[in-house]
Protein chains: 2
Amino acid sequence: MPTRVSQRPTQRQIAAQVGVSVTTVSRILNPEETHPERWASPETVEAIRKAASDLGYRRNALAVSLRTSRSQTVGVLLPMIGDYVLATIFAGIDEVARENGVMAITASTLDEPALRAERTFKMLDHLVDGMIFADAHLDEHFLDGIEAQRVPFTLVHRRHSRHISVTADDRAAGRMAAEHLISLGRTRLAMVTGRRYMSTGTDRVEGFVSAALEAGLPEPTIYDNGFTVRAGRDAAVAMLARPPYPDGLFAFHDLAILGAASVFRHHGLRVPDDIATVGFYDSPMAWASDMTSIGVNLQDMGRRSLELLLDRLSGKPIESEVFPVTLTVRHSTDPSRPVGSPMEAPIARAL
Amino acid sequence: MPTRVSQRPTQRQIAAQVGVSVTTVSRILNPEETHPERWASPETVEAIRKAASDLGYRRNALAVSLRTSRSQTVGVLLPMIGDYVLATIFAGIDEVARENGVMAITASTLDEPALRAERTFKMLDHLVDGMIFADAHLDEHFLDGIEAQRVPFTLVHRRHSRHISVTADDRAAGRMAAEHLISLGRTRLAMVTGRRYMSTGTDRVEGFVSAALEAGLPEPTIYDNGFTVRAGRDAAVAMLARPPYPDGLFAFHDLAILGAASVFRHHGLRVPDDIATVGFYDSPMAWASDMTSIGVNLQDMGRRSLELLLDRLSGKPIESEVFPVTLTVRHSTDPSRPVGSPMEAPIARAL
DNA sequence: TTACCATACACAATCGATTGACTCAAAGCA
DNA sequence: TGCTTTGAGTCAATCGATTGTGTATGGTAA
C-alpha cells in the first residue's frame with residue numbers, strides 16, 4: 001500500500017486494482033494507441049478505464065516525455081509579452097497549440113541576448129519539441145547555433161535571412177505609409193522606428209524611405225526610440241527641439257503615436273493639420289484615438305508560425321510566409337473623417 | 001557507443017568519458033549539492049566539470065523532476081495575457097521566478113470555467129510545484145477542489161473568501177474615485193465595471209456606491225461591459241441612448257475610458273466639462289490621454305504573489321496582502337491641468 | 001494428433017537523473 | 001599489529017510511463 005495518500009494516482013495503482021500489469025494499463029490508456037482493444041479483452045479495457053476514472057488518473061506528462069522524448073510542448077520567445085502586438089501573436093499560437101494538444105510555454109527576452117540565451121536553454125532543458133522566436137535579430141548567429149543543435153523552430157514577426165519566418169509585409173507597409181502621407185501633400189516626413197537589428201524596423205524604413213525619395217522628397221528623419229508610448233513621447237520631444245517640424249509622422253506602433261500626440265497637443269500642434277500621423281497594428285487604441293494605422297492579422301500570423309512548426313515536426317517541408325498589410329484611414333491623416341465613434345457604428349475587431 | 005550523434009549529452013556520457021560512475025557525476029554536477037568535493041577528489045571534480053562543459057552538458061529538467069518530484073516550475077493562470085494589467089502582473093511574477101531559478105509558465109483562461117480547468121490540469125500534469133491564479137471567481141468551488149488535491153497556490157489581482165491573495169485595495173479605490181468626482185461637484189455618477197464574479201469589480205463597486213450614497217447622491221448607474229476599449233465604447237453608447245447623461249464616469253480600466261471617450265467626442269460631449277472620467281491602473285495610455293486614473297503597483301503585486309507562493313512551498317505561514325492605490329489627477333477631471341505632455345517633463349514609469 | 005494462429009496478456013529494459021546504503025584502500029591511532 | 005576512521009567513490013533501486021519481445025491458452029485446419 002502506498003504510504004502517501006491523495007497523491008496523483010499512477011498506472012501502477014490502476015494495474016494493482018484491476019489485477020493486470022502496467023503494460024496493459026499503459027496500452028489501454030495511451031491516447032496515441034489507435035487500437036486499444038487489440039491489447040485486452042473488452043472487459044479488461046472497461047475495468048481499466050473505470051479504475052482510471054475512479055481514481056482520477058492523469059498521465060504524468062514528465063514521465064511520458066522522458067520515455068518518448070517528445071514533450072508535446074513548444075517554447076515561444078517574445079521580446080515583451082505585455083505588448084499588444086506580441087500578446088496577440090501569442091494568442092494565435094496558443095490557439096493552434098490547444099487545437100493540437102500541445103502546450104505553448106512562453107517567456108520574454110526584452111531583446112537582451114543574454115536573457116534570450118538563458119531562456120532558450122531553459123526551455124530546451126524541458127525538452128520542448130520546437131521553438132518559435134518572435135525576437136529574431138537580423139543576421140545574428142544565435143539562431144544558427146540553435147539550428148546546429150537540431151532544434152526545430154520557426155520565426156514570427158521578425159525575419160532572418162537564413163531561417164523560415166512568418167512576417168507582415170513590412171516593406172510594403174513602409175511604402176504604403178509614405179505614399180499615403182505624400183498623397184496628402186506632406187513633404188517633411190519622419191518616422192519613429194525600432195533599433196536596427198529588427199527586420200520589422202529596417203524593412204519598414206526601407207519601404208518608407210524609398211517611396212519618399214522616389215517622390216522627390218528629402219530623406220525622412222528617423223527617431224529610433226522604439227515601440228512604446230514613452231518612445232513616441234521622447235521622439236516627439238526630440239522633433240520639437242529641432243525645427244522645422246515634420247508634417248507627416250509614421251510610427252511603428254500605435255502606442256508611440258499616442259505618446260507623440262500627447263506632446264504635440266501640449267504644444268498646440270494640431271493633428272492632422274500641422275502634422276498627420278500614421279500608426280502601426282491598427283489596434284483598438286488606434287480607432288479609439290481616430291488614428292490612421294496600418295494593420296496586419298497578428299493573430300493569424302501567430303497561428304501560421306506554429307502551424308509551420310508543427311508541419312516541420314512531422315517532416316513536411318515548409319516555407320516562409322508574408323502577410324499582407326492594410327491601411328485604415330482615420331482622422332489623424334484625413335480631417336474630413338469624423339472624430340470619435342458614432343453610436344450606430346459596428347465594431348469589427350475585439351479587445 | 002551511442003548511435004545518435006549531436007543529441008543532448010547525458011551524465012552517462014560524461015561518466016564514460018571521465019571513467020567514473022554516473023552517481024559521482026550526478027553528485028558533482030547537482031547544483032543542490034552543497035559539498036560536491038565531499039564525493040570526489042579535486043582532480044575528479046575538475047575532470048567531470050571539464051567534460052560537462054566540453055560536451056555542453058545540461059541537466060534534463062524532466063528527468064530531474066520525475067525523480068525528485070520537484071519541477072522548479074510554477075503555473076500562472078491569467079484571464080487574458082494580452083491585457084496590460086495581467087501582463088504587468090506577470091512581468092513581476094516572472095522577475096521573481098527568475099531570481100529564484102524557477103520557471104513560470106502561463107496560460108490564458110478567458111474567464112471560461114472549462115478552459116480554466118483544462119489548463120490547470122494540463123499544468124498539474126507537468127508537475128508544477130505550485131500555481132498562481134489571477135482569475136479567481138468570487139466564492140467559486142474550483143479553487144477548493146485544487147486545494148483538496150494539495151496543490152499549493154496563491155491568488156493575485158482578484159481575491160477569494162477562502163484563499164490567500166495579493167490584491168489592490170479595490171474598495172478604497174472605488175471610494176477614492178467617487179469622492180474625487182463628488183469633490184468636483186459631479187452628481188450623476190456611472191461606472192463601467194466587470195462581471196459580478198470578480199472581486200475587483202464588486203469591491204470597487206461597493207466602495208464607489210457607498211461613497212456616493214453617503215454623499216447623498218442617487219445610486220450610480222452600472223454598465224458591466226468589462227475592461228476593454230470596446231467595452232467602454234459599448235457602455236458609452238448605452239449611456240447616450242438613455243438621458244440624462246452621467247457627468248462623472250469611473251471605469252475599471254483605462255482602455256474602457258478610451259473607448260467611451262471616443263463616443264463622447266463623436267457626439268460633441270466635452271471631457272471634463274460635460275463628463276469627467278476616471279480610469280484604472282494609471283497605464284501609459286492614461287497619461288498619454290490626459291486621463292485621471294487610479295494606480296497600483298501591479299508589478300509588485302505580481303512579485304508578492306510568487307514570493308508568497310515560494311514561502312508556502314518552503315513551509316512558511318503566509319497571509320493575504322492588500323496593496324494601496326493612488327489617484328493621479330489629470331485633465332480628464334480637472335480642466336485646469338495642462339493638456340498633453342510638455343517637452344520638459346520627466347516621465348516616471350516605463351512602457 | 002499436430003502444427004498453426006489468434007487472443008490476451010506479462011516481462012523487463014529503458015528514458016536521465018537522484019540517493020540511501022555499501023565497498024575498498026589507505027591512513028591514523030593505541 | 002590490530003582496529004577505526006576517512007576519503008573516494010560505486011551499487012542498485014527509483015520516479016512513471018512506453019514498448020519490443022515473450023508466452024500461455026484455446027480454437028481451428030489438415
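This report describes a predicted model of two protein chains, A and B, with DNA strands C and D.

**Symmetry and the contact between the chains**

Chain A can be laid on chain B with an RMSD of 0.1 Å by a turn of 180° and a shift of 0.0 Å along the axis, which is the relation of a two-fold axis. The same surface serves both copies, in that 98% of the contact residues of chain A recur in chain B. To this contact chain A gives 53 residues and chain B gives 52 residues. On the side of chain A that touches chain B, the elements that give two or more residues are helix 4, helix 5 (84-99), strand 2 (103-108), helix 6 (113-125), helix 10 (229-241), helix 11 (254-266) and helix 12 (284-288). Helix 11 of chain A gives the most to that side, with 7 residues, and the residues of the side divide into 30 nonpolar, 14 polar and 9 charged.

**Domains of chain A**

The domain assignment divides chain A into domain 1 (11-59), domain 2 (71-168 + 299-319) and domain 3 (170-295). The C-alpha centres of domain 1 and domain 3 of chain A lie 62 Å apart.

**Surfaces near the DNA**

DNA strand C is surrounded by 26 residues, the closest being A:Ser21, A:Ser41, A:Thr44, B:Thr10 and B:Ala63. At least two residues of this surface come from each of helix 2 (22-29) and helix 4 (61-68) of chain A, and likewise from each of helix 1 (11-18), helix 2 and helix 4 (61-68) of chain B. DNA strand D is surrounded by 25 residues, of which A:Thr10, B:Ser21, B:Thr23, B:Ser41 and B:Thr44 are the closest, and here helix 2 and helix 4 of chain A, together with helix 2 and helix 4 of chain B, each supply at least two residues.

**Helix 1 of chain B**

Within helix 1 of chain B, the residues B:Gln11, B:Ile14 and B:Val18 are buried. They cover an arc of only 60° around the axis, which puts them on the same side of helix 1 of chain B. An α-helix has 3.6 residues a turn, so residues three or four places apart point the same way. What covers the buried residues of helix 1 of chain B includes helix 2 and helix 3 of chain B. Helix 1 of chain B is followed by B:Gly19, whose phi is positive, near 90°.

**Loops and backbone details**

B:Pro31 is placed in the loop between helix 2 (22-29) and helix 3 (42-55) of chain B, and it counts as exposed because it has 8 C-beta neighbours inside 10 Å. Two residues other than glycine have a positive phi near 55°, namely B:Gln72 and B:Leu127. B:Gln72 lies in the loop between helix 4 and strand 1 (73-78) of chain B and, with 16 C-beta neighbours inside 10 Å, counts as partly exposed. B:Leu127 is in the loop between helix 6 (113-125) and strand 3 (130-133) of chain B and, with 20 such neighbours inside 10 Å, counts as buried.

In chain A, a cis peptide bond with omega of about 5° joins A:Pro243 and A:Pro244, and A:Pro244 is placed in the loop between helix 10 and strand 8 (248-251). The peptide bond from A:Val271 to A:Pro272 is also cis, with omega near 5°, and A:Pro272 lies in the loop between helix 11 and strand 9 (276-280) of chain A.

Methods
Residues are numbered from 1 along each chain as its sequence is written. Chains are lettered from A and ligands numbered from 1 in the order in which they are written. This is a predicted model: local features need pLDDT of at least 70, side-chain atom pairs count only at pLDDT 80 or more; totals for chains, interfaces and linings use all residues. Helices (H or I, at least four residues) and strands (E, at least two) are DSSP runs, numbered from the N terminus. A residue is buried if 20 or more other C-beta atoms lie within 10 Å of its own, exposed if 12 or fewer, and partly exposed in between; C-beta atoms are placed from the backbone. Domain bounds come from an automatic or database domain assignment. A residue is near a molecule or strand if its C-beta atom, placed from the backbone, lies within 6 Å of it. The arc is that of the directions from the helix axis to the C-beta atoms. Two residues are in contact if their C-beta atoms, placed from the backbone, lie within 7 Å. Copies are superposed by least squares on the C-alpha atoms of residues with pLDDT of at least 70 in both. Ala, Val, Leu, Ile, Met, Phe, Trp, Tyr, Cys and Pro count as nonpolar, Asp, Glu, Lys and Arg as charged, and the others, Gly among them, as polar.
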